[in-house]
Structure formats: structure tokens, C-alpha cells
Amino acid sequence: MVLELGYNIDYEDEKESFEVDEADTVELVNGERMPWEQVKRDGIDYIALYYVNDKGKQLQILDAELA
């Protein structure tokens with residue numbers, strides 16, 4: 001199995017979609033706050049899951065956008 005997490009958005013282009021406060025932090029879904037620079041570095045917006053068969057070929061099981 002292969003788990004893939006990543007992002008397909010340009011966070012700077014999408015910044016106006018986030019509620020960034022005067023301290024340059026963003027509220028997360030759990031209520032905690034994260035610095036905007038960390039959001040750009042650590043944020044993910046998709047997940048994919050693959051099964052690898054005995055020939056080494058990846059077969060996609062899941063592909064979902066999280067944002």
C-alpha cells in the first residue's frame with residue numbers, strides 16, 4: 001500500500017480564502033492556531049491510496065480532495 005498526501009493549490013494565491021489574523025495565524029478545524037508560513041509548508045489538500053501488485057504496478061484505490 002502507498003499513501004500519498006499533498007497539495008495542489010498555491011497558498012499565496014488562495015490566502016484571501018483563509019482567515020489570517022493580525023498575528024499572521026490561521027485557525028484550524030480543531031480550534032488551534034497555526035502560523036501562516038507553517039500552513040503553507042505543512043498543509044495538505046488531497047489524499048490518495050494505492051495498492052502495489054506483485055509486478056510493482058500501483059493501482060489507485062482512493063483519490064480525494066480534502067479542501
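Is F18 buried, partly exposed or exposed? At 28% relative accessibility, F18 is partly exposed, a class lying between buried (under 20% relative accessible area) and exposed (over 50%), with a 1.4 Å probe and protein chains only. The model is predicted, so local features need pLDDT of at least 70 and side-chain atom pairs pLDDT 80 or more, whereas totals for chains, interfaces and linings use all residues. Residues are numbered from 1 along each chain as its sequence is written, and side-chain values use heavy atoms, without hydrogens or water.

**View 1. An aromatic cluster formed by Y7, Y11, F18 and W36.** Rings of Phe, Tyr and Trp (its six-membered ring) pair if their centres lie within 6.5 Å; planes under 30 degrees apart are stacked, over 60 edge-to-face, and the rest tilted. Four aromatic pairs are counted by this rule. Y11 and F18 make a tilted pair, 6.0 Å centre to centre with 40 degrees between the planes.

**View 2. The edge-to-face pair of Y11 and W36.** Their centres are 6.3 Å apart and their planes 80 degrees. This pair links distant parts of the chain, 25 residues apart: Y11 in helix α1 (residues 11–14) and W36 in helix α2 (residues 36–42). Helices (H or I, at least four residues) and strands (E, at least two) are DSSP runs numbered from the N terminus. Y11 is buried at 7% relative accessible area, and W36 is buried at 1%.

**View 3. D45 in the loop between α2 and β4 (46–52).** The side chain of D45 reaches the backbone nitrogen of N8 at 3.0 Å.

Notes. Polar contact = N/O pair within 3.5 Å; in protein donor to acceptor, adjacent residues only side chain to side chain.
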